[in-house]
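The following exercises are to be worked with the sequence and the coordinates at hand. Each task is followed by its solution in steps.

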Amino acid sequence: MLSRLWDGLTSIRLALLTLFLLAVGGLIGTLLPQGQPWEFYQERFGQLPAQIYWRLGLHDIYRSPLFLSVIGLLSLNLTACSLKRLPEVLRLLRSRPAPEAYKKLPQRLQLNLSRQDAASLQNLESRLSRSLGRPTVVVGEQETTWHLFRRGRWGRLGPYLIHLSIIVIISGAMLGNIWGFQGQLELLEGETGNILTLNDPPGRKPLDFGVRLDRFQVSFYPNGTPQEFRSDLTFIKDGQEVRQAICRVNDPVTFEDITFYQSTYQARPRGAVTLQVTLDDKTYTLEAPLRQRLNLPDDKGMVIVWRLESNISGLGPAVQLAYRPEGGGHPLLFWVLADSSLRQPPQPGPHIFRVENLDLTYSSGLLVKYDPGVYVVYAGFILLLPGFWLAFFVPRQRWAVAVRPQGKGGYSITVYGVGDRQKFAFQRRLAGLQGKLEELA
Amino acid sequence: MSSKLLGWVVLFYFIGGLIFLVAAVFQQRQLNRIAQGATLLGFGVHTVSLLWRWLESHQMSIGRAPLSNFYESLVFFSWAVICVSYVSFWRQGRDYIGSFVAFLACLILAYASFGGHATQIMPLMPALKSNWLIIHVVTCFLGYAAFALGFGAALLYFFLARSANPGAKEKDSLRRAQELDELIYRAIVIGFFMLTLGILTGAVWAESAWGRYWSWDPKETWSLITWLIYALLLHARLVRGWQGKRIALLAVVGFMAVLFTYFGVSFLLPGLHAYLT
Ligand code: HEM
């Protein structure tokens, strides 16, 4: 019973199956919408299928017990499989090559040396080892000298290194999932914050230090898309300013194992926006705070400063207004450029708006993360590289060169060899050997 | 303009493909060299055009590798197809597969040039400004190209296995089939290695740009699916000893996954990588 289980766990069939199941999991995860509320599935698929999806966790498949247990099974399979085969491989690596096995290799080259040439035999060995490495030399029957070579045998360890690194990567991911967290922090210039908004599960988390946003800067391409943005941060611990750092996109900052990523920003007015409103011949000024409804003078409609952009199509900052004229129905949305010397987009009227004063500031959105598993994952990545190298790019070959004394002081030299899948490496080596041997004659 | 040169490249690849085909059908081995010459000439011009576009972007003070929209990725993909085939089998100069490769590169490039895609050099959004982007895209596309080569060899395998008529030619087609089987394997090893590097560098980049090395975004997930299929293929071949038709079939399935990762995800599924469209 137990041995049946072990056989199952160490079988390559199970490996093929789990690889296949993981692929199917990914397929479901990308084709079936993920992370939607229950009603969504109910509406889209009907009661019964929706219930099945929900029960199986397919609506959030990458965290469903089903998917995680396939990953678990793969890890078990990998570990078991490697444990089972590794001792055999290690034994093979340490063992001395036995001539009996080499004699059965296919014969590749044959050369006869006459007595006159026999002198050049003396440097045969050094010639061979220059191209094949250090031989094991054995003297066999009929005074035949065997030079046995094993090339690239360490390549055998490649698959095990690959498997090990996959296990390391999975462990690192687990570590991060168990002990890590991720949240957001939104700061206005000058503001200090230390409470994160977590999204998964939703909640709040205080940090044991504070972060102050000293300055936020954003630069734009001529067409108005952001080119670069950065936050100048100061970390404050126990009332002391401990460290200053610049956080950019693609260039996060780590403080006490917690990493800050520049993720978003938002333009905000510092105080109110000053608007100039013209109706017929009369002009007023209006102090309009963000998202506050203001009645226009004489009750002739209302306006709200709805949104701000720091740069619209390369034309600089702009304010989006929601405006309803007297007796109008739904409010109308339109943009007003802050730079009033520019040609303005059309306005519905009858009121015409201009921006008289806009003091822009920014809030910076930081993604804050703690993940103790990242370095483990990276270690796995690095381990993978020599693993690949050994498994796929180190040709494994075995060669034997037999030197047999013939009558009249001559010798015959026979080369035997096999290579693995890399036929061309083998062919090249064979051609090289042929050249070397022919020089002897 | 760098993209003007590409018309010539399309032409050279087409001529190369045609001569390879003639060499294959009429068994004129000496023509292979001419076909190789034409294709390599195209490849040279192609390389110059890639470098030129890079230079142009610097002159426009945008300064970035030509790898970050759909058009540029197609142009690079086409380049990678030739590059990978050169590395993996050119020395033997096979006729049918050479023809497949040259025509494929020609087709991709023609689609890129005449398919109505935006070809201007656009500035990059901040998250894409990273050296990891270059390594990530280059490794992924070299991987895709190697898989395309494996796919071509698999198609030819089916084609040849069917036309294995009895008689004097049987031995010949058996040898062919063996060579193709070998080529499928070799292409897929290169592809698997490159895709692995692509996924790893992508993860490192995502970690530094978005704070997550893996977020199950559809493109990531599909590249993982692709990777799993090829891992499956390699184990089936190396450990269970599958060969021939079954491996060729898996190579076709794997390449379907590659195509979906490249095109399907960009056009059909939302996610981080949607900027490619
Ligand atoms: C997640 C994915 C996996 C990857 C990327 C992977 C990768 C590889 C690679 C590249 C090789 C090298 C083949 C060779 O050169 O001979 C290999 C061999 C092998 N793999 Fe995996 N593998 C995975 C999962 C598994 C699992 C789950 C098993 C469990 C049974 C397994 C069992 C083996 C065996 C038995 C070998 C042959 C080892 C030898 O030749 O000594 N693999 N694997």
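**Exercise 1.** Does His163(A) count as buried or exposed, and at what relative accessibility?

*Solution.* The model is a predicted one. The relative accessibility of His163(A) is 16%. Buried means under 20%, so His163(A) counts as buried.

**Exercise 2.** Determine which residues coordinate the iron atom of the ligand, and assign the geometry of the site.

*Solution.* Step 1: the protein donors are NE2 of His163(A) and NE2 of His235(B), at 1.8 to 2.0 Å from the iron atom. Step 2: the six donor atoms of the site make angles of 86 to 179 degrees, and the site is octahedral. Step 3: His163(A) belongs to helix α8 (residues 158-179) of chain A and His235(B) to helix α7 (residues 218-238) of chain B, so two chains are joined by this pair. Step 4: His235(B) has a relative accessible area of 22% and is partly exposed.

**Exercise 3.** Describe the interface of chain A and chain B by its area, its residues and its polar pairs.

*Solution.* Step 1: about 4000 Å² is buried between the two chains, and carbon and sulfur atoms give 70% of this area. Step 2: chain A and chain B bring 47 residues each to the contact. Step 3: one salt bridge is found across the interface. Lys369(A) and Glu207(B) form a salt bridge in which the closest N and O atoms are 2.8 Å apart. Step 4: six residue pairs are in polar contact across the interface. Step 5: on the side of chain A that touches chain B, α2(A) supplies the largest share, eleven residues.

Notes. Residues are numbered from 1 along each chain as its sequence is written. Chains are lettered from A and ligands numbered from 1 in the order in which they are written. This is a predicted model: local features need pLDDT of at least 70, side-chain atom pairs count only at pLDDT 80 or more; totals for chains, interfaces and linings use all residues. Side-chain values use heavy atoms; hydrogens and water are left out. Donors are N, O and S atoms within 2.8 Å of the metal (3.2 Å for Na, K and Ca); water is not among the atoms, so sites may look incomplete. Four donors count as tetrahedral if all angles lie between 85 and 135 degrees; four count as square planar and six as octahedral if opposite donors are over 155 degrees apart and all others between 65 and 115; anything else is irregular. Helices (H or I, at least four residues) and strands (E, at least two) are DSSP runs, numbered from the N terminus. Buried means under 20% relative accessible area, exposed over 50%, partly exposed in between (1.4 Å probe, protein chains only). Contact means heavy atoms within 4.5 Å. Buried area is the accessible area (1.4 Å probe) that two parts lose on being put together, summed over both. A salt bridge is a side-chain nitrogen of Lys or Arg within 4 Å of a carboxyl oxygen of Asp or Glu. A polar contact is a pair of N or O atoms within 3.5 Å; within protein, one must be able to donate a hydrogen and the other to accept it, and residues adjacent in sequence count only if both atoms are side-chain atoms.
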